[in-house]
Amino acid sequence: MRTANINCARCTGIKARALIGLALLLAPGGLLLAAEPQAQTPPLRINADPAFPFSREIEAFAKANEAGPAIADATLFLGSSSIRLWDISGSFPDIGTVNRGFGGATTPDVLRYYKRLLPKARPRSILVYVGENDLAAGAAPGEVANNVLTLLKQLRADYPKAHIAYLSLKPSPIRWTLWPKMAAVNMTVAARSRVTRFDYLDVGRVLLAADGLPDASLFRPDGLHMNPRGYTLWTRLVDAYLDKAAAAELEPASPS
């Protein structure tokens, strides 16, 4: 009868496991806890469209264009986070300004969204700062310079009468090792300024200390972005440039 005892034990074990499983499913009120599958919280989506990582910033620019009337004869500031973090309206209260800077942008990003970055009215002046993130991402200086020049050529074609200036790539403590590559981009872009008809504005020299290294007191703790002291130096340079450009408009045209 050993076989019968084994079979009986097996039956008892199966019934016991079934009863234990049933007990685990029963709630105190007699309802099955697993009667309905629990909905899982979807993972947090950092960006709704990974193919277009700056879609939210671009959408914000579009809404800004629709929010009010076009700003006539404005100065357009275009580029990456060095533009975005600049208090443009506070730094230039006597002129109309439009800030189209978005953090982390490379020159290809600006070219990709180009049409959607432009203000409704034709700007009187355009200041461009871009290219630094390109180098940080591993792009070669020649490639960066070519992309920057492509952007400046497009701006010149679209705004033949505007004052257009490229702000040189800046030295910073955290990216000091990239400075030779930045200097190469600056040199190439500056050399093409006359042909492409834009101005080259050196905004990097004022950020260097007496020892020739980046002045850490002009930067935020991240060692990359400027603090208000650094932006004050940039504001002075750009303000002087805009004043000079405005004065040139008042000069009589030279006879051809």
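How many of the residues of strand β3 are buried? I looked this up before anything else. Five of the five residues in β3 (residues 125-129) are buried, so the strand counts as mostly covered; buried means under 20% relative accessible area, exposed over 50%, and partly exposed in between, with a 1.4 Å probe and protein chains only.

Note on the model. I am reading a predicted model, in which local features need pLDDT of at least 70, side-chain atom pairs count only at pLDDT 80 or more, and totals for chains, interfaces and linings use all residues. Residues are numbered from 1 along each chain as its sequence is written, and side-chain values use heavy atoms, with hydrogens and water left out.

Entry on β3. I checked both faces of the strand. Ser125, Leu127 and Tyr129 are buried on one side, and Ile126 and Val128 are buried on the other. Strands here are DSSP runs of E with at least two residues, helices are runs of H or I with at least four, and both are numbered from the N terminus.

Entry on the sheet. I found five strands in an open sheet, ordered β2-β1-β3-β4-β5, with parallel pairing; two strands pair if DSSP finds at least two bridges between them. β2 (97-101) and β5 are at the edges with a single partner strand each, so one side of each has no neighbour in the sheet. From one strand to the next the twist averages 20°. Axes are lines fitted to C-alpha atoms, for helices over the stretch in contact, and angles run from 0 to 180 degrees between N-to-C directions.

I then went through the pairs. β1 (residues 75-79) pairs with β3 over five bridges, and Gly79 stands opposite Tyr129. β3 pairs with β4 over four bridges, where Val128 has Tyr166 as its bridge partner.

Entry on α8. I saw that this helix lies across β1, β3 and β4, at about 165° to β4. Asn147 is in α8 (residues 141-158). Is Asn147 buried or exposed? Asn147 is buried, at a relative accessible area of 18%. Beyond its neighbours within four places in sequence, Asn147 contacts Thr107, Pro108 and Leu111; contact means heavy atoms within 4.5 Å.

Entry on α9. I listed the buried residues of this helix as Met182, Val185, Asn186 and Val189. They line one face of α9, because they fall within an arc of 100° seen down its axis; the arc is that of the directions from the helix axis to the C-beta atoms. On the other side, Pro180, Met187 and Ala191 are exposed.
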